[in-house]
Structure formats: C-alpha cells, structure tokens
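Reader: I would like to go through this structure term by term. Please set each value against its definition.

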There are 2 protein chains.
Amino acid sequence: MVKLLVVGSVALDSVKTPFGQEDDVLGGSASFFATAASYFTEVSVIAVVGEDFPELHLAFLRQRGIDLTGLERRPGKTFRWRGEYSYQLNEAKTIATHLNVFETFRPVVPESHREPEMLFLANIDPELQRTVLEQVRRPRLVACDTMNFWIDGKRPELLRLLKDVDILIINDGEARALAGDPNLVTVARTIQAAGPTTLIIKRGEYGVIMFSKDRVFAVPAFPLEQVKDPTGAGDCFAGGFMGYIAGQTELNREVFKRAMFYGGVMGSFAVERFGTERLQNLTREEIDARFQLFRELTHLE
Amino acid sequence: MVKLLVVGSVALDSVKTPFGQEDDVLGGSASFFATAASYFTEVSVIAVVGEDFPELHLAFLRQRGIDLTGLERRPGKTFRWRGEYSYQLNEAKTIATHLNVFETFRPVVPESHREPEMLFLANIDPELQRTVLEQVRRPRLVACDTMNFWIDGKRPELLRLLKDVDILIINDGEARALAGDPNLVTVARTIQAAGPTTLIIKRGEYGVIMFSKDRVFAVPAFPLEQVKDPTGAGDCFAGGFMGYIAGQTELNREVFKRAMFYGGVMGSFAVERFGTERLQNLTREEIDARFQLFRELTHLE
C-alpha cells in the first residue's frame, strides 16, 4: 500500500543567488517534497520528465527509496525554470519558464497506487490536482499547495478542490489573496470555511503558522548563518511535515505540532545548498539533532 | 531605590489607520514603555512635556503607579507626531513631526534616581542616551533602542554607547543597517562584538528573536484578529520584557525567555486599540491568561 503519494513537478532548475549559480540542478515541487519526505516514510511520485532528464537525478531519487512508478518519461524536454534571488532572498525573480513536457501533463495514478494513505497535491493547476484526487480512494489525509497564478486565474476550480482538502499549505501572500483579507486570523477562518480544517501558512524566514479548528501553533524559522538558495524550501517543509505524519500511527494534535518542527528542519537544510544538494547526504541523526536545537529555540520550561 | 528607569519621549500622537483615527492620544516611547512595565514593577520616567500636556494623561500615568519625578514640564508645546498606516500595518507613514520642547531636551536624572537597578534608553539621540548613562551608577542591566536616523546620522556616537549596553532591542531593518549585512545570524555576531551581549530583534507581526551568547530564542507574534493601531508595540514589548525581568530576583536564561513572552503579550495588547487605550484597564490576570495562551502557541510536549 502506498503511504504517501505526491503529484507535482520534476524540473531542471537554473538558479542564481548572491552566493553562486547552478545550472540544470534537480528541482520541481515533487522532487523537493519527495526527497524531504523520504527521510521519514515511503513516498511515491506522480510527475513527468522529458527524454533529456539526466539518469543521475533518477538514480538519486531511487537511492532515496522514492517510488518512481508514476514518473512518466515522455518525448520532448523536461520542465525548466530559471530564477534569480537578490540579497533579500525572500522572493525569486523568474527569468524563464519552459514548461516543455509539463505543458501537456495529465497525471495518471497507476492502478497499484490508487489507495494512498496520504496525498500531497503540490502546486499545479487545480483542475489537474482534482483529477488526481478523483483517481484515488479518499486518503486519510489530503494536503495541497497552490499559488497566486491559480488563485487569480482558476479561483472557482481551486475553491471546488478545497472542499475535499484537509490541509492547505501556502505562503502568507497567497493566503491573503485567497481570502481577500490582510488579517491572518480572519484569513484562516475564511479558508477553513471553504474546506480545509487545517491551514498552514509559510512565511519564509519568519517561520510557519498553523491554524487548526480553534487552535494556533507557530514555529519560527531556524536561524541559519548561510542561506545559499531558498528554492524548494516550502516544498521541503511540506515533505518533512507530511512525511513525519505518514510515519506515525496516530494523527493527533501533538503529532501535527512535531510535524511542524520537522517540516521546518527540512526547509532549513534545503536552503543551505543549491537545489537538493544538502538533502542528498543528510542523515536521520542530523535531522533529529536539528529538531532538538529547533525545539529549544522556542521552548519554555 | 529606583527599580527601572526609562528615558524617552512623552508625546501626543495623532494616528490614522484603516480602522479609525484618533487625535492627540498619549504616545511616545517612554509612555508606552512605562505603561507596559508598570504591570510588573516600579518604573520611573525621565522625559519632557510642554505646558499643553493634558492633566488627564498625567493622572493616568500616576494611576498606573509610574514615578514622574523626572518628567519635566517646560514652556512650549509637547512633542507631537502624526502618522498613518495602510492595511499592511507594518510601517507607519509619518505625516508630521513637531519636536517642540523635545528639540532642546537635555535629560536630567534627579539625585534620588541615580542608582537604578535597570535602565532603558528608549529611542532618542545616542548622545542624550549616553548622558543619562553617565549620570547614573552602572545599573545591573542597561538596554537600549535606536532607529535608522541615528544609525545613519550618528553611527560613531551610537557605537560608543553600545559598548556600555547589555541589551540592544531594535527591529530587523535597523539591525541589518547597523551591521551592514542581510543575514541575522551574522548581524547578531557583529552587534555582539560591538558591546551588547544580548540582541533582541523585533519583527512586527512575525514576532521577536533573541540572540544571547551562542544561544537563540524566538517567539512568534500572538495572532490577533484585530490590530487597530501598531504604534508603540515595540516599546510595549520592551516595557513588558524589562518590567518582567525587573520584578524577578535572579537574572538567568529562563527569566529572559519568559520575559520575551511577556514582552510579546504587552505588544499584542497595545495594538488592539489606539495609543495606550488597551493598556489603561488591563489586569495582571488578563496578562497572565494571554501569557499561557501564547506559551501554548509554540509549546511542544
């Protein structure tokens, strides 16, 4: 049985930051998510790549134990993104996006993967997110991400999807745009009324805040001396968060709270190097050590 | 013996936000700081007001038990500030500043107040902050605030002052400007090398982060449904933080951590109404109840 299924993009990223430049590194929401989640649970990917996708990257994903049964390889080129960050590092400036094979991506969940325990719908067209949800038996937990492009351009489709989503994981600008309100408490109430019982708002270097029913839980970002490339931090957060939960037998508030910290830990490792580099030879011991440091960061006796 | 001495401004603020407008309310860094601190300890103010300063405001400060021995009343008008906030509420747009009697303010510490246990140098000219420090016997703890105007215009004077300061409490933009670096971990190391062993960085709606020696402690902002007027939040944070510490017999890491939460609590109450309105009939019970909620906001079992 599939533990954690993710649908999203697998891409080749070219990124320039004040600390360097890397071309054609492994990127895309599903890559970051699955890599982060792989430290906690079994994860299966639904995505598409082109003929040019390097065997090296596939080998890496497999070596992390990631199930690639649902990764289609199609004629044409892999989705490519080129972006730049300034010293502020909070927002990427997109230089070029070439959707390539991703443009005609119609996710197909393999027969063997239609009863996942948990599902993450990474940031793609809400109509495609919906087709994935419709192909599987209702998972125990469905989480999704989205972006302003869909909030503005496909609002009815997104709202229809949200009715069947348990956890929405988005950044603060997106949350405000979706709810049409500047106040996050009001935003949470509006979004919760639209479907998701839990709203997780990512605030980059300021951490993450989770609204669930009438409770709030907040985790700051782990203070890092060097942030080389923020690309993928949000997807690594989601991967750590969902992966940790998938690895637990019970779903309760305390598990969600710990998952918030594990998500933060994975996001913090991700940004220390370009692309998935830092996640390539991380150990569970390093993860747990940072979890402890992270916990002490906010812990009152 | 004076427990907690503060030097700063006492002003009349006129503030417009998307939620209303109030004219000539009690404002100024020393007013906010002292009011917040008064819930935890005895606090004495060094400041100046003009002949027009309303008796009503004096009566309020006295009723809070604030010692006004050092509050000069001089010929002329009181310092007036007029500002506006947009829906973002994160930064005030100054419409008018009339320094009035504050322009020639030369703080004089009364004979009876020259041995304070703790001292807070609110945001005024670093040369004036220095003259206050020179008039008192070295307190157990000296904290100070500043702003970009002094960081840019009186950097040598500010750096000279910092050598004798234990805790610097500033916002993130100021911290980055002072250290000339975008990364907060590097910023902390640079500022700690300049004098203060503890750096507290205020990040508005994102909370507060404290760097002390090799340790970091972070507190998110308390999520509020309604923020009416952010003016004074930072000074109320400092007042709650320093006031709580002044009320404890021991200075240790755990006390500083609890003080971070109490500071956050006072800042969160301050912004719920215009000026000091919400702080005027607050009870210690309400403060402690919010402290508990606040603690749960980040607490992992």
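Reader: What makes you say that helix α6 of chain B lies across β10 and β11 of chain B?

Author: Contact decides it: two residues touch if their C-beta atoms, placed from the backbone, lie within 7 Å. Helix α6 (172-179) lies across β10 (167-171) and β11 (198-202), all of chain B. The helix runs at about 115 degrees to β10(B). Axes are lines fitted to C-alpha atoms, for helices over the stretch in contact, and angles run from 0 to 180 degrees between N-to-C directions. Helices (H or I, at least four residues) and strands (E, at least two) are DSSP runs, numbered from the N terminus.

Reader: What are these coordinates, and how are they numbered?

Author: This is a predicted model: local features need pLDDT of at least 70, side-chain atom pairs count only at pLDDT 80 or more, and totals for chains, interfaces and linings use all residues. Residues are numbered from 1 along each chain as its sequence is written, while chains are lettered from A and ligands numbered from 1 in the order in which they are written.

Reader: Which strands pair with β4(A), and how do you know?

Author: Pairing requires at least two DSSP bridges between two strands. Strand β1 (4-7) of chain A has 4 bridges to β4(A) and runs parallel to it. There A:Val6 has A:Val45 as its bridge partner. Strand β5 (67-74) of chain A is joined to β4(A) by 6 bridges, also parallel. A:Ile46 is partnered with A:Gly70.

Reader: What makes A:Val6 stand out in the core?

Author: A nonpolar core is a set of buried Ala, Val, Leu, Ile, Met, Phe, Trp, Tyr and Cys residues joined through C-beta atoms within 7 Å. The largest has 196 residues, and A:Val6 and B:Val6 touch the most other members. Not counting residues up to four places away in sequence, A:Val6 touches several residues, among them A:Phe33, A:Val43 and A:Phe120.

Methods. Buried ≥ 20, exposed ≤ 12 C-beta atoms within 10 Å, placed from the backbone.
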